[in-house]
Amino acid sequence: GAAMIVTLLAPFVHPGRIWIFPVLGLVAPAVYVFTLLITLYWIIRWRWRIALPLVVLLLAGLFKVPLFLKPELRRHYGEETSSGRGAITLLTFNVRSFYNDRGQWSFDGVTEVIRRVNPDIVCLQEFNRTLSKAEELDSLLSDYDRTVVMEGNGGDPLFPLALYTKYRILGKSHSILGPMKQDGQSVWVDLLVGDDTVRVFNNHLHSTAITVHDDKYLSEHQFLTDTAGGAKIKNIFRRFRDNSMLRAAQADTIARAIAATPGCKIVCGDFNDTPMSYTYRTMAQDLDDAFRASGKGYSYTFRGFMDVLRIDYVLYSEDLECFDYQVLYDVDLSDHYPVVVRLRPVKK
């Protein structure tokens, strides 16, 4: 019960205050399932004084379930939703500098995915730092204009951002976070979509610093037989907490820029945090979540940590509505999966 309470409060508590809040927010689905099983146990035992408080907590958490799971209540037989006039297809993808899990060059594969999906807007995170690769992708995607390759400290970006679009670009791109010691970038650009201006925010927030070795150590339960397991687990959680604090500060800055933007807006990218986090709640204020609107099943976008983390998002203002959400699970070109969302203007 205490774990469930902390999990529900995690999005509202700054990660710097108590380390357990961001950690339990990370494993929120597991906490909810475990609480459900314990509640059923006490109901079967007819211990209602214990079961009822847990039922109340489960009901409170029920409103958060659509952030992770959208059950399909009916079968679909290949029917397609009509996109309507003025529909926008957006693809967001952390390409990890165009290297896959085996360290192989994935540039051609990413290009092929973009061509196959044929989106109107492409938001890429962790773009390759070599300018020649941007120019090469420009030539391969001749139908698009590249608006951003984010420059970092000293013109040597750690994790550049790139945005390609078929729409007319209005003005130039603008950095929100600017140069900083830690990684993380956020930029926005205005696009002319039909007769309306749509401001698109492309984001890559500070990394979790959870390495491949950490992932393997946790997912394969190596800590159960490691005599130094306690110290290693504590070190992983400390790094996760410290980086959660950095992301929270970035989210506060980005959220102020989003709130100051009138009119139609789309916010997407790699937030490096789960839906039960301070970062997500701050970034998603007054915006709709594409998965929550049109997703199906259990969604995860990170290829690691036992395939349970949704950390890549597409959010949008009330001027738009989402009618299709997909994660391309057949694409293994990075440590993330591409997310494809289809939006259309709300009829007035």
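A helix here is a DSSP run of H or I, at least four residues long, and helices are numbered from the N terminus. Keep that in mind for Trp42, which is found in helix H3. One caution before we go on: this is a predicted model.

Let's stay with Trp42. What does Trp42 touch, not counting residues up to four places away in sequence? Arg47, Ile50, Ala51 and Leu54. Now take Leu52. Trp42 and Leu52 are 10 residues apart in sequence. In space, their C-alpha atoms are 9.2 Å apart.

Leu36 is found in helix H3, which covers residues 28-44. Is Leu36 buried or partly exposed? It counts as partly exposed, because its relative accessibility is 35% and the buried class ends under 20%. Leu36 also belongs to a nonpolar surface patch, together with Val33, Leu37 and Leu40. The patch is about 340 Å².

Now the whole protein. It has 10 helices and 14 strands. Of its 348 residues, 50% are buried. The protein exposes about 17,400 Å². Carbon and sulfur atoms supply 55% of that area. Next, contacts with a separation of 6 or more: 71% of them join residues 24 or more positions apart.

On to the sheets. Strands of a sheet pair through backbone hydrogen bonds, either parallel or antiparallel. Look at the open sheet with the order E4-E5-E3-E2-E14-E13. Six strands form it, and the pairing is mixed. Which strands are at the edges? Strand E4, residues 145-149, and strand E13, residues 320-327. Each of these pairs on one side only. Neighbouring strands in this sheet are turned by 15° against each other on average, ignoring direction.

Let's see both kinds of pairing. E13 and strand E14, residues 339-345, run antiparallel over seven bridges. In that pair, Tyr325 stands opposite Val341 in E14. Helix H5, residues 107-117, packs on this sheet. H5 touches strand E2 (88-94), strand E3 (121-125) and E14. The direction of H5 makes about 165° with that of E2. As for E2 and E3, they pair in the parallel sense over five bridges. There, Asn94 stands opposite Gln125 in E3.

Now zoom in on E3. How many of its five residues are buried? Five of five. In a regular strand, side chains alternate between the two faces of the sheet. In E3, both faces are covered. Ile121, Cys123 and Gln125 are on one side, Val122 and Leu124 on the other, and all are buried.

There is another open sheet of six strands, in the order E6-E7-E8-E9-E12-E10. Its pairing is mixed too. The edge strands are E6 (168-175) and E10 (288-289), and each pairs on one side only. Inside, strand E9 (264-270) and strand E12 (312-316) pair in the antiparallel sense over five bridges. Ile266 stands opposite Tyr316 in E12.

Next, salt bridges. The count comes to 10. Asp335 forms one with Arg96, with the closest N and O atoms 3.8 Å apart. Why does this pair tie together parts 239 residues apart in sequence? Because Asp335 lies in the loop between E13 and E14, while Arg96 lies in the loop between E2 and H5. At 14% relative accessibility, Asp335 counts as buried. Arg96, at 22%, counts as partly exposed.

Arg303 and Asp101 form a salt bridge as well, at 2.4 Å, N to O. This pair also links distant parts of the chain, 202 residues apart. Arg303 is in the loop between strand E11 (297-298) and E12, and Asp101 is in the loop between E2 and H5. Arg96, Asp101, Arg303 and Asp335 are linked in a network of salt bridges.

Last topic: backbone angles. Most residues other than glycine have a negative phi. Arg96 has a positive one, near 50°. Asp286 also has a positive phi, about 65°. Asp286 lies in the loop between helix H9 (278-283) and E10. Is Asp286 buried or exposed? Exposed, with a relative accessible area of 80%.

Methods. Residues numbered from 1 in each chain as written. Predicted model: local features only at pLDDT ≥ 70, side-chain atom pairs only at ≥ 80, totals over all residues. Heavy atoms only, no water. Pairing = 2+ DSSP bridges. Helix = DSSP H or I, 4+ residues; strand = E, 2+ residues; numbered from the N terminus. Axes fitted to C-alpha atoms, helices over the stretch in contact; angles between N-to-C directions. Contact = heavy atoms within 4.5 Å. Patch = residues over 30% accessible without salt bridge, like charges linked within 9 Å, V, L, I, M, F, W, Y side chains within 5 Å. Areas by Shrake-Rupley, 256 points an atom, 1.4 Å probe, with all protein chains shown as cover. Salt bridge = Lys/Arg side-chain N within 4 Å of Asp/Glu carboxyl O. Buried < 20%, exposed > 50% of the residue type's maximum accessible area, 1.4 Å probe, protein only.
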